[in-house]
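Please read it alongside the structure.

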Amino acid sequence: MINIQNLNFHYKASQPVYLGLNMDLKPGNIYGLLGENGVGKTTLLKLISGLLFPTKGNVSTFRFEAKKRYPEMLEKIYFLPEVYTLPKVKMSEYVKLYASFYPKFDHQKLAEYVDVFGLSKAKKLSEFSHGQQKKWLLAFGLATNTELLLMDEPTNGLDIPSKGLFRQLLAEAADEQKTIIISTHQVRDLENLIDPIIILEHNQVLLNNSIEEISQKLKFVVRENQSEQALFAEQAIGGVLCVEPNTDNTESKVNIELLFNAAVNNKELFKKLFIL
Amino acid sequence: MIYETDKPLYLQIVDYACEQILLGIWKPEERVPSVRELSVTLTVNLNTVARSFDFLQDKQVLFQKRGIGYFVEKEGLKRIRDMYKIEFFQKDLPNLFKKMQKLNVSIEEIVLEYKKCST
């Protein structure tokens, strides 16, 4: 589905974003794309969708070279940006303008989504609040029914009930043919939905593994005191939450926040554990 | 000492499914919700639910009819009871004993309470 080989990318030559990045993404998955601020999560989504061009190497999306921006590729991609400005039109006008780019657009679903999010058909989109605009883009994006769905911080700005709704709509939209990539800092919002997890770090991928693989190699336990073998530990009410190498085949629930903290604090070890 | 490990999500879904069978909501030899339906109801990843169903099939609690879906095994309920009984004696009961010792609760007190509860 998406294949990235030996990718180099920079905005400024002195500050490379990626050096020799490799990645292979497969349909039927909801990837959670994590990484510290400025590590290049949005950049990666833009490279995949052909909005940015590699400095070196190749990004192929649906077997097309992404930077060629073939219509056959673009009609299969919906990209929900983190920052957006909506035009001064009502939603009917917006649909007339943009829906025709997506051959599998589902108008009936769109009507359902607009309804559950409680969006007004009479108002202009530019008059919506920021959160309502986000809901509109989510509704529209899910209705495009594209095989590739790229979402940059989709839960930012959503109110509490809408986060639950979004989770439900996302679970409904996911299927074996679709590849969904969600860049997020709000891992708790999507904890049970994202799998595999991708962690980006300075110039590289630190981890790109399924929850199952992660739980085979690491365990997440609560102890009275921080253990010696802990890769990361955090004080909580019930004890100390520890991430440790899983040497005794313990089956535990992967806590994505702890995983992330353990990863960025033990970069070399994680590369050894997961990439090699 | 470890005193708590959250069960992996796929086993939590296994618990959910078994609970449905124990409560008689999912009945022997009847079709159960599809992997997709359950993924939406519980808002968890499709692949996670698929893994839970694989596990339940392995334990002969569910079986699959190709192209139709998953069904509860005739003996599914019994197998679940056996499965949880083992867990009860290996995990729940020792934990309870530890707590009783900590709080100085005698077995006689427990027997008394048990009799009250079951009459």
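## Crossing sense

A crossing is left-handed if the near helix is turned anticlockwise from the far one by less than a right angle, and right-handed if clockwise. By that rule, α1(B) passes α4(B) in a left-handed crossing. The model is predicted, so every value below is computed from predicted coordinates.

## α1(B) against α4(B)

Two packed helices are described by the angle between their axes and the distance between the axes. For α1(B) and helix α4 of chain B, residues 76-103, the axes come within 10 Å. They cross at roughly 125°. That makes α1(B) oblique to α4(B).

On the α1(B) side, the meeting residues are Cys18(B), Ile21(B) and Leu22(B). They face Gly76(B), Leu77(B) and Ile80(B) in α4(B). By class, this contact has five nonpolar residues, one polar and no charged.

Glu87(B) also sits in helix α4 of chain B. Is Glu87(B) buried or exposed? Glu87(B) has 12 other C-beta atoms within 10 Å, and a residue with 12 or fewer counts as exposed. Glu87(B) is therefore exposed.

## α1(B) against α3(B)

Helix α1 of chain B covers residues 9-22, and helix α3 of chain B covers residues 46-58. Their axes come within 8 Å and cross at roughly 60°. The two helices are therefore oblique to each other. Here α1(B) makes a right-handed crossing with α3(B).

From α1(B), the contact uses Leu9(B), Tyr10(B), Ile13(B), Val14(B) and Ala17(B). From α3(B), it uses Thr48(B), Val49(B), Arg51(B), Ser52(B), Phe55(B) and Leu56(B). The residues of this contact divide into eight nonpolar, two polar and one charged.

## Inside α3(B)

How far apart are the end C-alpha atoms of α3(B)? They are 18 Å apart. At 1.5 Å a residue, the 13 residues should span 18 Å, so the two values agree.

The buried residues of α3(B) are Leu46(B), Asn47(B), Thr48(B), Val49(B), Arg51(B), Ser52(B), Phe53(B) and Leu56(B). Their cover comes from both chains. It includes α8 (211-217) of chain A. From chain B it includes α1, α2 (35-42), β2 (62-65) and β3 (69-72). Just after α3(B), Gln60(B) takes a positive phi of about 55°.

## α2(B) and its cover

In α2(B), the buried residues are Leu38(B), Ser39(B), Val40(B) and Leu42(B). Which elements cover them? The cover includes α6 of chain A, together with α1 and α3 of chain B. Thr43(B) follows α2(B), and its phi is positive, near 45°.

## Contact between the chains

Chain A gives 22 residues to the contact, and chain B gives 19. On the side of chain A that touches chain B, the elements giving two or more residues are α6 (160-173), α8 and β11 (218-223). The residues of that side divide into seven nonpolar, seven polar and eight charged.

## Backbone exceptions in chain A

Most residues other than glycine have a negative phi, and most peptide bonds are trans. The peptide bond from Asp195(A) to Pro196(A) is cis, with omega near 5°. Pro196(A) lies in the loop between α7 (187-190) and β9 (197-201) of chain A.

Asn203(A) is a residue other than glycine with a positive phi, near 70°. It belongs to the loop between β9 and β10 (204-209) of chain A. Asn203(A) has 16 other C-beta atoms within 10 Å, so it is partly exposed.

Asn249(A) is not a glycine either, yet its phi is positive, about 55°. Its loop runs between β13 (239-245) and α9 (256-265) of chain A. With 8 other C-beta atoms within 10 Å, Asn249(A) is exposed. The C-alpha atoms of Asn249(A) and Ser49(A) are separated by 39 Å. Along the chain, these residues are 200 apart.

Note on methods
Residues numbered from 1 in each chain as written. Chains lettered and ligands numbered in written order. Predicted model: local features only at pLDDT ≥ 70, side-chain atom pairs only at ≥ 80, totals over all residues. Axes fitted to C-alpha atoms, helices over the stretch in contact; angles between N-to-C directions. Helix = DSSP H or I, 4+ residues; strand = E, 2+ residues; numbered from the N terminus. Parallel < 35°, antiparallel > 145°, perpendicular 65-115°, else oblique. Contact = placed C-beta atoms within 7 Å. Nonpolar A, V, L, I, M, F, W, Y, C, P; charged D, E, K, R; others polar. Expected span 1.5 Å × (residues − 1). Buried ≥ 20, exposed ≤ 12 C-beta atoms within 10 Å, placed from the backbone.
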